[in-house]
Amino acid sequence: MTNLISKVDVIVTSPARNYVLLKITTEDGVVGWGDATVNGRELAVASYLRDHLAPILVGRDADRIEDTWQYLYRGVYWRRGPINMAAIGAIDLALWDIKGKSLNQPVYQLLGGKVRDRVLAYTHATGWETSELLESVDEVLGRGLRAVRAQSGVPGLSTVYGVTRGIKRYEPAKRDLRPLEEEWDSSAYLRHAPKALAEVRAHIGDEVELLHDAHHRLTPIQAARLGKELEPLHLFWLEDLTPTENQEAFDLIREHTTTPLAVGEVHNTIWDCKDLIINQRIDYVRTCVMHAGGISHVRKIFDLADLYQVKGAPHGPSDVSPLTMAASVQLGMASPAFGMQEYMGYPEQVGTVFSPGYRLVDGYLTASDAPGLGVEIDEDAAREQPYDQAYLPVARTLDGAITNW
Ligand code: GCO
Ligand code: MG
């Protein structure tokens, strides 16, 4: 029995922000959808899928998900990399969707069934002034969330990652022909962030989980200082304190603080986080289900993490589509190591293309029970809203040198 792939389509759509959609159709008419969005580099991954992978997928057996993964990963020769792995991730998601639809089961059943009833989620609160941040935190908690990531402005700076002055909804990529240039000063941030977060903790009490993202900006010793200063606030985690390439930095940070550490949204294979996990340098691995080769690969990462009591906590910003979110929640239902799901939420217009199926209730996400990933796509609406150039910003320190955004 085979289920041959007959057609592969790539659609780049922009319902308020850009997404790369992959549609795989089999000879017996089953359609699977994948997401291949790499924020700010959408057309590169769309071309890779359309020009290099689609032609070699047609005629393959859609049922052989792991074999296709191996074929594409080993077959590219060059291995790893964000564009390559997001493309493989999109194909993997679409094939799991097809398998679920063919067998009439939600994907979590095919992964071994539920190990939990629901997946804890957090979302973002953002405000330039601390008073605005507290309002935003209240709004998040008012929606029933039990975990919140708080980001504030920094006095003396005009722009800061994660916050937009005067605008309630933050979106990292800006529609423009060139990246916006933001400014950054770690000293000013380190002076202000602990005070703002302490106000948030005092405002919400001890029971709400509080998280914060430093977005790769600090040196190891600055990161250690921040972790140590924030210890009394009992954060759920501190995220991306330093760039993940320098993995030994986490040993230094660990020597100084018991604040839990999360990293990994830019990882794209198990090789990027294996040493962090087995050396217990981190507490949460943030690898995104699509960006790291799909469900087939990320479940291996989480199974490795499970051996070391590191938890999986996938990246879930608005720049990965509701298809990736759905795949993440399906995996979360079935993966013992799953600890938390980022759920940033989406601009309303995203709903014109995606009907996601998963539900956010009382601060927890539950997977759709519909066959496959459970996401309905309005293909006409997707085609009617074409790609609109947008980039993530770049950042410079006050002396004008480029730093990590
Ligand atoms: C997060 C992230 C994002 C990234 C964005 C880049 O923790 O959600 O840091 O907001 O900045 O995904 O495209
Ligand atoms: Mg982050």
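Guide: Before we start, contact here means heavy atoms within 4.5 Å. This is a predicted model, where local features need pLDDT of at least 70, side-chain atom pairs count only at pLDDT 80 or more, and totals for chains, interfaces and linings use all residues. Side-chain values use heavy atoms, with hydrogens and water left out.

Visitor: Okay, what do the buried residues of α1 pack against?
Guide: They pack against β1, β2, α2 (65-75), α3 (82-103) and β18 (390-391). Helices (H or I, at least four residues) and strands (E, at least two) are DSSP runs, numbered from the N terminus.

Visitor: And which residues of α1 are buried?
Guide: E42, V45, A46, Y48, L49, L53, A54 and L57. Buried means under 20% relative accessible area, exposed is over 50% and partly exposed is in between, using a 1.4 Å probe and protein chains only.

Visitor: Where is the kink in α1 centred?
Guide: On R50, with a kink of about 35° in the helix, which covers residues 42-57. The bend at a residue is the angle between axes fitted to the seven residues ending there and the seven starting there. After α1 comes G59, with a positive phi near 95°.

Visitor: Switching to β2: why is it largely enclosed by the rest of the structure?
Guide: Eight of the eight residues of β2 (residues 19-26) are buried, so the strand is largely enclosed. In a regular strand, side chains alternate between the two faces of the sheet. Both faces of β2 are covered, with Y19, L21, K23 and T25 on one side and V20, L22, I24 and T26 on the other.

Visitor: How many bridges join β1 to β2?
Guide: Eight, and β1 (residues 5-13) runs antiparallel to β2. Two strands pair if DSSP finds at least two bridges between them. V12 has V20 as its bridge partner in β2. The two strands form a hairpin with five residues between them, and A16 in the turn has a positive phi of about 80°.

Visitor: What about β2 and β3, parallel or antiparallel?
Guide: Antiparallel, over five bridges, with β3 spanning residues 31-35. I24 stands opposite G32 in β3. That hairpin has four residues between its strands, and G29 in the turn has a positive phi of about 90°.

Visitor: New topic. Which residues coordinate the magnesium ion (ligand 2)?
Guide: D213 (OD), E239 (OE) and E265 (OE), at 2.0 to 2.2 Å. Donors are N, O and S atoms within 2.8 Å of the metal (3.2 Å for Na, K and Ca); water is not among the atoms, so sites may look incomplete.

Visitor: How are those donor residues spaced in sequence?
Guide: D-x25-E-x25-E. D213 lies in β8 (residues 209-213) and E265 in the loop between β10 (261-263) and α9 (270-278), so the pair ties together parts 52 residues apart in sequence.

Visitor: Is D213 buried or exposed?
Guide: D213 is buried, and so is E265.

Terms used:
Residues numbered from 1 in each chain as written. Chains lettered and ligands numbered in written order.
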